Amino acid sequence: MVRRIEHIAIAVKDVEASVRLFETLLGRGCGSIETLPDERVKVAFFEFEGGRIELVEGIGSDNPTSKFIERRGEGLHHICLEVEDLPETLRLLHAAGFSLIDTAPKLGSSGTRVAFLHPKGCNGVLIELVEHPIGA
């Protein structure tokens, strides 16, 4: 079911400023900053062997990332797990009693499909599931 940890996401107030901070901290540049209008976020990724770090900024005050920062401040937002068949994984997890935020995959960054599991059913951790396009 799960292939690997795909990325760890950090909620930030200003993705551009945070990119500069993390470029210095990590000693490497990030790819481009991508805006996901449907999710109302801007994201930037730092690539590593075996995984990535994502910086995520909410666009506007009425989206989940902005509300997260309002309640908890900047910091660890979610862990993303790569799966091969996202619809089937969601079906199996729902049948096993997991609380799904998304009952069907939605469009993520770079052509991926994503869905989230509610933190209440995952020991307080928001879990994102991602399926990469075939051949990616």
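Buried means under 20% relative accessible area, exposed means over 50%, and partly exposed lies in between, with a 1.4 Å probe and protein chains only. Five of the five residues of E8 are buried, and the strand is mostly covered. In a regular strand the side chains alternate between the two faces of the sheet.

Before going on, note that residues are numbered from 1 along each chain as its sequence is written. This is a predicted model, in which local features need pLDDT of at least 70 and side-chain atom pairs count only at pLDDT 80 or more, while totals for chains, interfaces and linings use all residues; side-chain values use heavy atoms, with hydrogens and water left out. Helices (H or I, at least four residues) and strands (E, at least two) are DSSP runs, numbered from the N terminus.

**The neighbours of E8**

E5 and E8 pair in the parallel sense over four bridges; two strands pair if DSSP finds at least two bridges between them. Look for Glu-82 opposite Val-130 of E8, and for Cys-80 opposite Glu-128 of E8.

E7 pairs with E8 in the antiparallel sense, over five bridges. Phe-116 has Glu-128 of E8 as its bridge partner.

**The whole sheet**

Show every strand. The order is E2-E3-E4-E1-E5-E8-E7-E6 in an open sheet of eight strands with mixed pairing. Strand E2 (33-36) and E6 are the edge strands, each pairing on one side only.

**Helix H3**

Select residues 86-95, which form helix H3, and colour Leu-86, Thr-89, Leu-90 and Leu-93, which are buried. Seen down the axis of H3, these buried residues fall within an arc of 100°, so they line one face of the helix. The arc is that of the directions from the helix axis to the C-beta atoms.

At the start of H3, find Asp-85: one of its side-chain oxygens comes to within 3.2 Å of the backbone nitrogen of Glu-88. After H3 comes Gly-97, with a positive phi near 100°.

**Helix H2**

Move to residues 64-72, helix H2, where Thr-65, Ser-66, Phe-68 and Ile-69 are buried. Down the axis of H2, the buried residues fall within an arc of 155°, so they line one face of the helix. The face turned away from that buried side carries the exposed residues Pro-64, Glu-70 and Arg-71. Strands E1 (2-11), E3 (41-48), E4 (51-58) and E5 are among what covers the buried residues of H2.

Asn-63 caps the N-terminal end of H2, with a side-chain oxygen 2.9 Å from the backbone nitrogen of Thr-65. H2 is followed by Gly-73, whose phi is positive, near 85°.

**The largest pocket**

Which residues lie nearest the centre of the largest pocket? Select Thr-65, His-77, His-78, Phe-116 and Leu-126, out of 34 lining residues. A pocket here is an open set of points on a 1 Å grid over the protein atoms alone, where a 1.4 Å probe fits, with protein on both sides within 12 Å along at least five of seven lines; lining residues have an atom within 4 Å of a point. H2 gives the most to this lining, with six residues.

Notes
A polar contact is a pair of N or O atoms within 3.5 Å; within protein, one must be able to donate a hydrogen and the other to accept it, and residues adjacent in sequence count only if both atoms are side-chain atoms. Contact means heavy atoms within 4.5 Å.
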